[in-house]
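Please study the sequence and the model shown below.

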Amino acid sequence: MNIDIITSLYVFMLAAFIGFEVIRRVSPLLHTPLMSLTNALDAIAIVGAMILVGEGKSTLATVFGTIAIVAAMSNVVGGFLITDRMLRMFKASGAKK
Amino acid sequence: MIRSEYIIELAYLVATALFILALKWLSSPSTARRGVRAGELGMLMAIVGTLYHHGIVDYRWIAIALVLGTIIGVPLGMVHMTAVPQRTALSHAFGALCVTLVGTAEYYLHAPQVDRFMMAVLGLEVILGSLTFTGSLMAAGKLQEVLPQRPITFQGQNLVNLVILALAVALAACLVVSPGQTWLFPVIVVIGLVFGVLMIIPIGGADMPTVISLLNSYAGLSAAAMGFVLDSKLLIIAGALDGASGFILSVNMSKAMNRSFTNVLFGAFGQAQAGVAGTQQARPVRSATADEAAAILAAASKVVIVPGYGMAVAQAQHKVRELFDALTRRGVDVKFAIHPVAGRMPGHMNVLLAEADIPYDHLMGMEDINGDFPQTDVALVIGANDVTNPAARNDASSPIYGMPILDVDKARTVMVIKRGMSPGFAGIDNPLYYLDKTLMLFGDARAFVGGIVRELAGGDHH
C-alpha cells in the first residue's frame, strides 16, 4: 500500500512536469480549445465512477456513482465536441472555405 | 493480477500516452484536430477497457448513465461560441461533482478502515471538489448573467472565507486521526460547497478569465487526488495535466491583468475604483464619420484592428471580417491585436474571430504585435477600452498602472469605435481618446463597421 502511494506521488510529479512543458508550448491562439480539451480529458474520472457503480457494493455508491457517470460523460461528449467545433474554425490564410 | 487486469492496464497506458499526445498536438492549429482525435481514442479505450473490469457485475446503471450523460453532453457541445466561457465553467462544475460524489461514496465504503494518507487525500479531494462545484456554478451564473456580475463584498470577507476554509481543513484533519467519525464527512462537503459560493461572490465580471482558469486547475487537482484514492495512474496523470494547464493559464491571466495570484483570490477586484479616476470634465475629442474613416483606412498600408469584448457583444465580428476582406483586397496589410484578456476566458477572442472566418495567421498576441504599432498607419479599436489605456504605462496613480497593454497610442492614427464617452469596465478614463491623432467613431460597432465597409465598396471615393 505504502509503496503504491510513493509510486503514485512519482507519477503525479512527472505528469505535472510533462504538463507544464507540453502546455507551455500551446499557442495562446488555442487557449480556449486547450481548456475545453483538458476538461474532456479530466472526465476520465468516469472510469472510477463506472467501477463504483458496477461493483454495486452499496446503494449510496450506486446512486452517487450513477450521477457521477452522467456528469463525467456529459463532459466527455460535450468537451470533445466543442473542442473540435472550435478547432475546425481555425483556418490559415491560404485555405479559405 | 489476473489476465483481464493486465489488458485493462495496458489500455489505460495507451490512453495516457494518447492524452499527452493530444495536448502536444494542440501546440499548433495545423495539428490540433489530430490532438482531439487522439484524446477521443484514448477516452474510448479507457471506457471500453473499464467495462471489462472483473469487479463490474451490474451494467444497467452504467448504461443508463452513459446514455443520459451523452444526451446532456451533446447540447453542451453545440453552444454558441460566445457562450463557451459559461459552458466551460459548467463543465468544471460537472467534473468537480463527479469527483466529490465518487470520493464520498469511497469514504463510506471503506470507513472506518481508511488509512491516514488515504483519508488526507480523500479530504483534499472532496474539499477541492465541492468548492470547485459551487464556485464554477457561480462563475457560470455570472457569465450567463443570471447572477449579478458586480462583485458582492462585505466587511471582513477575506477573514470569514479563510476561517471557513480552515474549518474544513481542520475537520478533515480530525477524520485523518479518527476516520470512524462518519458524521464529519458530510459537514466537510457542505463547508466546501459554501466556501465555493463565498469565494466567487466578491469577484467581478472582468476577472472571470482568471477565475475560470483557477477553477480549471482545482478541478484537475481534485481529479488527481481521486486518482490517488483509487490507485489509478491514468486519473492521476489526467488530473495533473489538467491542473498544470489551469495553473499556467491562471498565471498568464493574472499577469495580463497585473494582479498577483493572492490578489485575484482575496482582492475583491472589479469593485469600482471609479472615484480614483477623478472627475472627468468634458475634454474635447475629435470624431469622424464612416466615410472619413473609410478614406483613411483605404489610404493606409498597414492597419491593426484591436477587438475587445464589446465587439462580440455587438455581434460585429462578421462585419469586421467584411472590413478585413475589403481592406485586404485593396492591398492593405491587416492584423488583429489580441490582448490575453480580450474575451471572457483565455483565448476566447481568437475563437470568436476564427468563427467569423478570419485566418488565424492574422491574429497576433500582445507580445508579437506591440513592436509593430510605431509602423502602423491606423490602429482601429473596436469595443476595447482598458487594454488600450496608455495610463497603464505612464500614470503611476492610475488603478491599472503596470497592466500590460496594447501600445495602440504609438500608431500614426488611432480610431476608436465606441457608443459614447462612458468609461470602461474598470470605470477608468482613457487618455487615448483625447490624443490629437485619435478619431472617435461614435456608434454601434456593427453598424459603424458596416458603414465603413459600404463606403469602401462604393468604389474609389471621389
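Predicted model: local features only at pLDDT ≥ 70, side-chain atom pairs only at ≥ 80, totals over all residues.

Residues are numbered from 1 along each chain as its sequence is written, and chains are lettered from A and ligands numbered from 1 in the order in which they are written.

In chain B, six strands form an open sheet with parallel pairing, in the order β3-β2-β1-β4-β5-β6. Helices (H or I, at least four residues) and strands (E, at least two) are DSSP runs, numbered from the N terminus, and two strands pair if DSSP finds at least two bridges between them. The edge strands of chain B, each pairing on one side only, are β3 (363-365) and β6 (438-442). From one strand to the next, the twist averages 25°; axes are lines fitted to C-alpha atoms, for helices over the stretch in contact, and angles run from 0 to 180 degrees between N-to-C directions. Helix α14 (residues 348-355) of chain B packs on this sheet and touches β1, β2 (333-338) and β3 of chain B. The direction of α14(B) makes about 145° with that of β2(B). Contact between two residues requires that their C-beta atoms, placed from the backbone, lie within 7 Å.

Strands of a sheet pair through backbone hydrogen bonds, either parallel or antiparallel.

Where does strand β4(B) find its partners? Strand β1 (residues 302-307) of chain B runs parallel to β4(B) and is joined to it by five bridges; here B:Pro307 has B:Ile382 as its bridge partner. Strand β5 (residues 413-418) of chain B also pairs with β4(B) in the parallel sense, over five bridges. In that pairing B:Ala379 stands opposite B:Val414, and B:Val381 has B:Val416 as its bridge partner.

Strand β4 (residues 378-382) of chain B is mostly covered, with five of its five residues buried. A residue is buried if 20 or more other C-beta atoms lie within 10 Å of its own, exposed if 12 or fewer, and partly exposed in between, with C-beta atoms placed from the backbone. On one side of β4(B) lie B:Val378, B:Leu380 and B:Ile382, and on the other B:Ala379 and B:Val381.

The contact between the chains takes 94 residues from chain B and 79 residues from chain A. Among the elements that give two or more residues to the chain B side are α8 (208-230), α14 and β3 of chain B. α4(B) gives the most, with 16 residues.
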